[in-house]
Amino acid sequence: MTTRAQISEAAQFIRENTKVTPRIGLILGSGLGILADEIEDARHIPYQDIPHFPVSTVEGHAGELIIGDLEGTPVLVMAGRFHLYEGHDAAKVSFPIRVMKELGIDYLLVTNAAGGINESYEAGNLMLIKDHINMMFRNPLIGPNDPDLGVRFPDMSNAYDVELRELAHRVAKEQGVQLKEGVYAAVLGPSYETPAEIRMLRTLGGDAVGMSTVPEVIVARHAGIRVLGISCITNMAAGILPQPLSHDEVMETANQVKGMFIRLVKGLVREMGA
Ligand SMILES: O=P(O)(O)O[C@@H]1C[C@H](O)[C@@H](CO)O1
Ligand SMILES: Nc1nc2[nH]cnc2c(=O)[nH]1
């Protein structure tokens with residue numbers, strides 16, 4: 001159970017370690033941490049130093065908060081995120097979003113590595129998240145609701161902000177970047193899906209599958225933060241291609257598309273921060 005005292009303690013620690021007031025929060029998914037190198041006047045704060053923060057345990061997740069300037073906008077970047085499959089509960093995984101809200105962040109740009117379910121996708125595509133399907137059977141809002149943090153039953157009908165999505169399509173078009181748009185299905189992991197599970201998720205309307213993002217987005221919407229989500233399709237989901245899935249492939253593909261990913265995110269931050 002996250003308390004306001006824990007949120008305030010973490011936020012106060014971060015304030016003491018930077019003079020920047022961030023406007024946009026970014027979460028960098030597996031293999032996408034390279035964007036952290038683009039932050040100017042960066043202040044690096046390891047997660048283990050921040051009160052009540054978990055620490056990252058997954059390869060491809062650096063495990064530090066970076067606060068600084070990106071394209072003229074003060075940002076707070078999570079270089080490395082937390083996952084349910086690491087053993088954290090959904091409230092713990094999404095605790096950083098509570099802290100971002102306390103620090104005054106209005107926008108969350110969440111990214112992840114995901115498997116492509118939609119067979120028109122291919123590894124290396126970027127997908128704008130238009131909606132999600134929560135197949136984690138977990139919810140970060142379980143338990144007593146603190147009305148100062150948000151309502152008991154938050155609306156999720158525009159979880160992935162339609163205006164921000166229009167902005168993303170405009171920026172991608174200007175950059176000549178192909179940007180798919182689809183539904184992100186979230187599962188617990190850490191095992192990848194069986195081919196039968198991928199067929200099920202396709203039937204349910206999923207275009208991509210991952211193991212994160214949903215707890216963070218639910219808390220962001222509870223807190224009134226506007227959300228934009230981008231999946232890097234790092235592999236085709238199980239059963240589509242005659243090859244096994246691996247985290248190495250996930251990180252290799254993310255590395256191959258990092259230039260396009262960084263350019264798009266910088267363009268988005270420039271527009272969102274304007
Ligand atoms: O943190 P994200 O969702 O980007 O990482 C994805 C999901 C798993 O953590 C990992 C599996 O390869 O990639
Ligand atoms: N669940 C899941 N997460 C991923 N992250 C990157 N690729 C995949 C995948 O195929 N399935």
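Me: Which residues surround ligand 1, and which are the closest?

Reply: A residue is near a molecule if one of its heavy atoms lies within 4 Å of it. Here 13 residues surround ligand 1, and the closest are H83, Y85, Y192, S212 and H247. This is a predicted model, in which local features need pLDDT of at least 70, side-chain atom pairs count only at pLDDT 80 or more, and totals for chains, interfaces and linings use all residues. Residues are numbered from 1 along each chain as its sequence is written, chains are lettered from A and ligands numbered from 1 in the order in which they are written, and side-chain values use heavy atoms, with hydrogens and water left out.

Me: How does the shell around ligand 1 divide by class?

Reply: Ala, Val, Leu, Ile, Met, Phe, Trp, Tyr, Cys and Pro count as nonpolar, Asp, Glu, Lys and Arg as charged, and the others, Gly among them, as polar. The shell holds 5 nonpolar, 7 polar and 1 charged residues. Strand 5 (107-116) and helix 7 (247-256) each supply at least two of the shell residues; helices (H or I, at least four residues) and strands (E, at least two) are DSSP runs, numbered from the N terminus.

Me: What lies 2.6 Å from an oxygen atom of ligand 1?

Reply: A polar contact is a pair of N or O atoms within 3.5 Å. A polar side-chain atom of Y192 lies at that distance of 2.6 Å from a ligand oxygen. For H83, a side-chain N or O atom is 2.7 Å from an oxygen atom of ligand 1, and for S30 the distance from a polar side-chain atom to a ligand oxygen is 2.8 Å. Taken alone, ligand 1 exposes 340 Å², of which the protein buries 96%; such areas come from the Shrake-Rupley method with a 1.4 Å probe.

Me: Which pocket does ligand 1 take up?

Reply: On a 1 Å grid over the protein atoms alone, a pocket is an open set of points where a 1.4 Å probe fits, with protein on both sides within 12 Å along at least five of seven lines; lining residues have an atom within 4 Å of a point. A molecule sits in a pocket if more than half of its atoms lie within 2 Å of its grid points. Ligand 1 takes the space of the largest pocket. The lining of this pocket comprises 24 residues, with S30, A113, Y192, M211 and H247 nearest its centre. Strand 5 gives the most to that lining, with 4 residues.

Terms used: A polar contact is a pair of N or O atoms within 3.5 Å; within protein, one must be able to donate a hydrogen and the other to accept it, and residues adjacent in sequence count only if both atoms are side-chain atoms.
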